[in-house]
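Please look over the sequence and the 3D structure below, and keep both in view while reading the report that follows.

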Amino acid sequence: MSPRSASVNEELRRRSRERLLQAAVELVSERGYEATTLGDIADRAGSARGLVSYYFPGKRTLVQSAVHRLMHRTLEEALEREPRTLDGRERMARAIDAILGLARDRPVLMRQHMAGLLQDEGFMPCPEQRRLAELLRDTVARGGSQDVDADYPMLRALLMGAVYAALVPGAPMPVPTLRAELFQRYRIDWEQGVPPDTSMASGGTGDTDLSRFFATGPAPECGGDRQSK
């Protein structure tokens, strides 16, 4: 058997990382952060335990990256949902509904994520978080912001605050109430986005399968990168 090419090896590494991200989201959603070990994540992903440490310095970093991936892909899906639109207020409505939808549909995962941000390690930038930031900054810009550098952090803070308020144990605020407050701030009509009285879940699909957010398909063929003669 001929050795695998560099491009095939790179694709295999990428898919291994994707499987770890997906496994982390699934297990923390099911069991919570403390009850999920790196060994559990490696087993669910079908990876060697040492491979987790190769990609991520620790469990907190892995879980933050996994949740940021879920957030940015959920947001991306919502923004690109048909009918696609460039209307700034509609896109802002979709963004708000996508993030609040995660708090509503995946409370264990999002509660653990918010708690993790308050730990000593705090907020840890990663490629997944940077993509999420790009999408939110673009949403702010399309909404007509005259100062994206100031308005993007405010939107991020408001969304994080709304997620926290929806998930605080013992005194959660209803998602429709939080949505109404955010929509009023950004002068968005209630009918825009995905109103809570519809049957659509976060991202606007109603589908709870996470696999579409993670590129974990079959491994490429060893000769897949060869040019056809």
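## The largest pocket

The lining of the largest pocket is made up of five nonpolar, four polar and four charged residues, where Ala, Val, Leu, Ile, Met, Phe, Trp, Tyr, Cys and Pro count as nonpolar, Asp, Glu, Lys and Arg as charged, and the others, Gly among them, as polar. This is a predicted model, in which local features need pLDDT of at least 70 and side-chain atom pairs count only at pLDDT 80 or more, while totals for chains, interfaces and linings use all residues. Residues are numbered from 1 along each chain as its sequence is written, and side-chain values use heavy atoms, with hydrogens and water left out.

The space in the largest pocket comes to about 310 Å³, and of the 13 residues that line this pocket, Met92, Gly143, Ser145, Tyr186 and Arg187 are the closest to its centre. On a 1 Å grid over the protein atoms alone, a pocket is an open set of points with protein on both sides within 12 Å along at least five of seven lines, whereas a cavity is a set of points where a 1.4 Å probe fits but cannot get out; lining residues have an atom within 4 Å of a point. Grid points are joined across faces, edges and corners, and a volume is the space filled by probe spheres set on the points. At least two lining residues each come from helix 5 (88–105) and helix 8 (148–167), and helix 5 gives the most, with three residues. Helices (H or I, at least four residues) are DSSP runs, numbered from the N terminus.

Arg187, one of the residues closest to the centre of the largest pocket, lies in the segment after helix 9 (175–185), and this residue has a positive phi of about 55° although it is not a glycine.

## The second largest pocket

The second largest pocket has a volume of about 260 Å³. Its lining holds 17 residues, and among these His68, Met71, Leu132, Arg156 and Met160 lie nearest the centre. Two or more lining residues come from each of helix 4 (59–80), helix 6 (107–117), helix 7 (127–142) and helix 8, with helix 8 giving the most, five residues. By class, this lining has 13 nonpolar, three polar and one charged residues.

Rolling a probe the size of a water molecule over the atoms shows where empty space is left. Helix 4 and helix 6 are the elements that give two or more residues to its lining, and the largest share, four residues, comes from helix 6. Three of the lining residues are nonpolar, four are polar and one is charged.

## Helix 4 and its partners

Helix 4 packs against helix 5 at an angle of about 140°, with the axes 9 Å apart; axes are lines fitted to C-alpha atoms, for helices over the stretch in contact, and angles run from 0 to 180 degrees between N-to-C directions. Helix 4 is therefore oblique to helix 5, since angles under 35 degrees count as roughly parallel, over 145 as roughly antiparallel, 65 to 115 as roughly perpendicular and the rest as oblique. Residues of helix 4 that meet helix 5 include Leu70, Met71 and Thr74, and their partners in helix 5 include Arg91, Arg94 and Ala95, where contact means heavy atoms within 4.5 Å. In the loop between helix 4 and helix 5 lies Pro83, which is joined to Glu82 by a cis peptide bond with an omega of about -5°.

With helix 7, helix 4 packs at an angle of about 30°, and the axes are 8 Å apart. The residues of this contact include His68, Met71 and Leu75 in helix 4, and Leu132, Leu135 and Leu136 in helix 7. By class, there are six nonpolar, five polar and four charged residues in the contact of helix 4 with helix 7.

## Helix 8 and helix 9

How are helix 8 and helix 9 placed relative to each other, roughly parallel or roughly antiparallel? Their packing angle is about 165°, with the axes 10 Å apart, and the two helices are therefore roughly antiparallel to each other. The contact is made by residues including Met154, Leu158 and Leu159 of helix 8, and Val175, Leu178 and Leu182 of helix 9. Nine residues of this contact are nonpolar, none is polar and one is charged.
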